[in-house]
Number of protein chains: 2
Amino acid sequence: MGKREQKTCSVLFEPSGLKVRVPEGTILLEAARKVGVYLSSICGGDGYCGKCKVVINEGQFRSNPTGLLTPEESRENVVLACQTKVLSDMIVTIPKSHALATDQILISEDTSRFSALAGKVSEKVFDFKPLVQKTYLELSPPTIQDHTADHERLNVAIRNSIDISIPVLQMGFRVLQELPRLLRDTDYKVTATVGFRGGAMEVVQIEAGDRSGINYAVATDLGTTTIVTQLLDLITGTVVDTEATYNSQINFGEDYIRRIIYAEQNDAFDQMQASIVNDLNGLLVTLAERNRVSLNDITAVVCAGNTAMIHFLLNLDTTRIRREPYVAAASFVPPIRAAEAGIKINKRGLLYCVPSVAAYVGGDIVGGVLATGLNTRRDVSLFVDIGTNGEVVLGNQDWMMCASSSAGPAFEGSGVKHGMRASTGAIEKLRIGVDGSVSYNTIGDTCPLGICGSGLLDTISELFASGIIDRTGRFGQKPDKRLSEGDEGRQFTLVQSDCEDKQIVITQADISNLIRSKAGVFAAVKILMDTTQTKTEDLGAIYLAGGFGNYLNVQRAVTIGLLPDIDLEKIHFVGNTSIAGAKMVLLSQQAQKEAERIAGEMTYTDLMTHPGYMDEFIKANFLPHTNLSLFPSHKIVTQGAQ
Amino acid sequence: MGKREQKTCSVLFEPSGLKVRVPEGTILLEAARKVGVYLSSICGGDGYCGKCKVVINEGQFRSNPTGLLTPEESRENVVLACQTKVLSDMIVTIPKSHALATDQILISEDTSRFSALAGKVSEKVFDFKPLVQKTYLELSPPTIQDHTADHERLNVAIRNSIDISIPVLQMGFRVLQELPRLLRDTDYKVTATVGFRGGAMEVVQIEAGDRSGINYAVATDLGTTTIVTQLLDLITGTVVDTEATYNSQINFGEDYIRRIIYAEQNDAFDQMQASIVNDLNGLLVTLAERNRVSLNDITAVVCAGNTAMIHFLLNLDTTRIRREPYVAAASFVPPIRAAEAGIKINKRGLLYCVPSVAAYVGGDIVGGVLATGLNTRRDVSLFVDIGTNGEVVLGNQDWMMCASSSAGPAFEGSGVKHGMRASTGAIEKLRIGVDGSVSYNTIGDTCPLGICGSGLLDTISELFASGIIDRTGRFGQKPDKRLSEGDEGRQFTLVQSDCEDKQIVITQADISNLIRSKAGVFAAVKILMDTTQTKTEDLGAIYLAGGFGNYLNVQRAVTIGLLPDIDLEKIHFVGNTSIAGAKMVLLSQQAQKEAERIAGEMTYTDLMTHPGYMDEFIKANFLPHTNLSLFPSHKIVTQGAQ
């Protein structure tokens, strides 16, 4: 009877209740991806990160042997989804640790604080002149004496109203085709929407009557992990509303290199774009509906993101981002029609991406520099953005250098046993008392589910200051009742399993991971400072950006040696500067030009091929550093503790 | 059994053999249009021009009564197609007079003569710098030290290669998406096609390897009656081939006002565009196939045409062209993608239309001014283009005025009993000997089918010089055996029905029509000259353009009072200057800019509302004119004849 028909199996995921039918033998992680179920995965399915643990409730399966599961887990049918094949209909439970609470993504740059800061550091105030503008025009109807054609009549009026200095004014053909009827029907009273595209003006649309009071746009931080959007009123320049979500591409790998590999191996570039565009459209619809704004009245989107995210968004070739010599398809992508990328705003609205510097320093960093005003300072200052990677910019109004450290996402909670993102349940503040007691705050004041970036910074800093770990990060000789031997070696219990939930520990491996991560960043800082002969005391300011949590104590960043040891008053935690930069670019063409100058003039240093980097990295693998003279305040910290 | 099904009838048109099925009761003219059969029709189907005569061979029909058919014609089943309903299957013969020989459309501006002329009058020689250019680029592949993104790498190379002075360089999003793969696959050796769009440069396409030697474009004269195209090699700037056809829109009316009315009444704007685009695509395919050029290698089309034709081509609103205050949708249409108008060249190739001055003075006239060099002369000269309308330009390098006379297409053969276009069988030269004998030449040396423009000019001039008609154009007292009484009053037989074909006459009505036509043009000239206080002796040159026939005797134009009476050496018959102008614009951006200057600076005078026009028109309704002092050479002409 010829070929045997392939058997298919149904897989039900709890607690979401999502169901998918897959061929027998399908890898469980793929089944989950197929139905859009989020599973943590750092290694992208290679079976070595141990993050994609799920519980099989019912059904037959076959798992590859792994050392990443405890005997107890194995008894409870916990498996690595990436190492497990579906052999029958199944019911699978996704553990709570995978669940993402989107209401707690760090979305705001803490406007009040940031504005005050911007007032202090940014000497340059940008003109309010959005990327897309509307102007109401009452044209004089033609007469025998003045028979100027509609197109030229409108052009003259637009030039006089908007900007007479830009030599090129373009009009889409479809707009031109509709123009005569519209002018006639409205007695020559129309509203023109004009966009600015790389030195040229373009008539985006013509509307009947006076619609010049209604014009919206969306600023976006397109992060590897989270996507944050702000709806802006382009008439007033104010933020109307904010919305965020996790980047669904997480299903294909937590870092973007993994995602590129996934896309290459599965020819899934279209899928990667669809995923990110879908997320963005979802946010747009939410913002629009909640604020009763028509999607048609959103005429522009500006995105800041790392180079890979922008490439995924636009379906530009990402494959060479991960291959020497690490080349992007485009650093400057000219404004395109948002519809061309599938973004559902006004069908002729514009999409502009903040330009990037190199394959590993994206528009999010350029936006950060713009937002902090580093580029306008006379003195040298430092910008550090810690996210899935750690990017560093050093410079002033005359020069800027940047580098990207392969820090890894430890401070975002990945690679840390109980690490998590800054969302509900995350420990965001932690103190160890002189009596050895641990106190903490969680986001949302709930039971602790894990530890986010600021909490991890506190943890390492407190463990070190209280002498529980030594300069190498190892649990020392000092006995402590909270120290124990766990599955992964020695560990320190931060939260006893006395709350309704689980015990939370920090392991020796976690600490090593975090120290490696901070060492990567600091080594990058050190390389840039040495290259430019900048001394610590030369630094006028340090801006620390990232999704650490809302209440980051910058002193801890110095204590562990993440940031250079300067006067704490000069260190500013600036939160999400990517969206702040996107917003500025959207609201001011001057800011856009400045972003382009920043991206164009910044010098990128490739650390992977830098001869001194490994040496600096090794030296920074201590708390705070091998060379204590770099951290004079160290003495105070340790003295206070001992 | 409910509604009766409507009966359909098959109509076969001979000699083409084209067949169409239409509902019973369909007007025969519409049936012909439906299948693409050309029938002359000046009145657009209103039944008063009598041009759409056909012969019914078989079948039942019902015709409205008409006075436009002779009893003999009625006996032979000749009907007016626009007044006849199809009642059964039919066979219809289209008389030979309708048949259009496209091989005889006046397509050339007679290159040799024109070039010599251009050398004489045009002081300005334009740089060869086509609207679309190709450049072969060997980019240096990226390295760790030079990791510039693909897009910027290409942009820098293009700027250095093509034009560093234009500030805006745009690249289509789809081109950008394909760029990385292309660069990688070709080892960074590519050919960029760059178009110039209203002050900005645009990357039209990127091709693999060196394709810089292959680039074609098409210059087009988009006439109301004929469409003429030239295939140009953009590498050498030479004309490769020429092809022409009749404008199929003729099926909807011979003049464009009729066509606008037809489109409005039948909501047929899309159909009007399809008709013209179809004609153009047909010509493009013919040119491409005959010269073994891929349509993909044709990267630009430049059209010169009257304002209405350009509007039809682009499906811009034409309705206000025919209504006071006579406004165009656009005089300057920015270059668009040809594909947007349905033109089948390279899918990203450009379409540019030579700008127009006003609703009744189009890009064909601007092209004519450019081609003759009127705009560069220090002395005042006159440009007269006689086609379906008669447009007049007076001016020099400092100022230009223009007007359009509603001359009617008499010199194109319409409204003249045996008038026809300058195609095979047309009498293009005619002399009346002192013995009263008539000699003539026909285009293609065939039996005469009718008389084209130059033949009509000769006819009127010869009848007048030999005293057969008087200064009012009336057949006078002088007896002549060739004078007789016809259906339409008195007529003069030019050709006896001794050849295989028909008798050819010129009627009193024809003569009146032609005199009215020339009077319209001369009145326009007079108004412009009087307004600018230009005297006949001030005129440095007169350029006469139009589809008269190849051998126009300019003296005859003065004899009948069509053109001012200046030294014949200063009068130049320049043929089709519309396509000459389109070609110049295509080959030289400098010429394009100059065309835009001409269109922008020329002053349009509306004659329909001009208080003096009717008076001048009446004065010009004499041979050569009421005021003989305007035509001092008149004495010589008449003396020579008498």
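## The contact between chains A and B

In this predicted model, 41 residues from chain A meet 41 residues from chain B, where two residues count as in contact if their C-beta atoms, placed from the backbone, lie within 7 Å. On the side of chain A that touches chain B, helix H4 (150–161), strand S9 (168–171) and helix H5 (173–185) each supply at least two residues. H5(A) gives the most, with 6 residues. Helices here are DSSP runs of H or I with at least four residues, strands are runs of E with at least two, and both are numbered from the N terminus.

By residue type, this side of chain A divides into 23 nonpolar, 10 polar and 8 charged residues. Ala, Val, Leu, Ile, Met, Phe, Trp, Tyr, Cys and Pro count as nonpolar, Asp, Glu, Lys and Arg as charged, and the others, Gly among them, as polar.

A word on conventions: residues are numbered from 1 along each chain as its sequence is written, while chains are lettered from A and ligands numbered from 1 in the order in which they are written. As the model is predicted, local features need pLDDT of at least 70 and side-chain atom pairs count only at pLDDT 80 or more, whereas totals for chains, interfaces and linings use all residues.

## How the two copies are related

## The four-stranded sheet of chain A

Let's look at the sheet that includes S9(A). Its 4 strands form an open, mixed sheet in the order S8-S10-S11-S9; two strands pair if DSSP finds at least two bridges between them. Strand S8 (132–138) and S9 of chain A are at the edges with a single partner strand each, so one side of each has no neighbour in the sheet. Neighbouring strands are turned by 35 degrees against each other on average, direction ignored.

S9(A) runs parallel to strand S11 (residues 200–208) of chain A, with 4 bridges between them, and A:Leu169 faces A:Met201 in S11(A). H5(A) lies across S9, strand S10 (189–197) and S11 of chain A, at about 40 degrees to S11(A). Such angles run from 0 to 180 degrees between N-to-C directions, with axes fitted as lines to C-alpha atoms, for helices over the stretch in contact.

## The six-stranded sheet of chain B

Chain B holds an open sheet of 6 strands with mixed pairing, ordered S14-S13-S12-S15-S17-S16. S14 and strand S16 (336–337) of chain B are its edge strands, each pairing on one side only. Helix H7 (residues 269–290) of chain B packs on this sheet, touching S12, S13, S14 and S15 of chain B, and makes about 140 degrees with the direction of S14(B).

Strand S13 (residues 226–233) of chain B has 7 of its 8 residues buried, that is, with 20 or more other C-beta atoms within 10 Å of their own, against 12 or fewer for exposed and in between for partly exposed, all C-beta atoms being placed from the backbone. S13(B) is antiparallel to strand S12 (residues 216–222) of chain B over 7 bridges, and a hairpin of 3 residues joins the two. S13(B) also pairs antiparallel with strand S14 (residues 238–246) of chain B over 8 bridges. Here 4 residues lie between the strands of the hairpin, and B:Gly237 in the turn has a positive phi of about 80 degrees.
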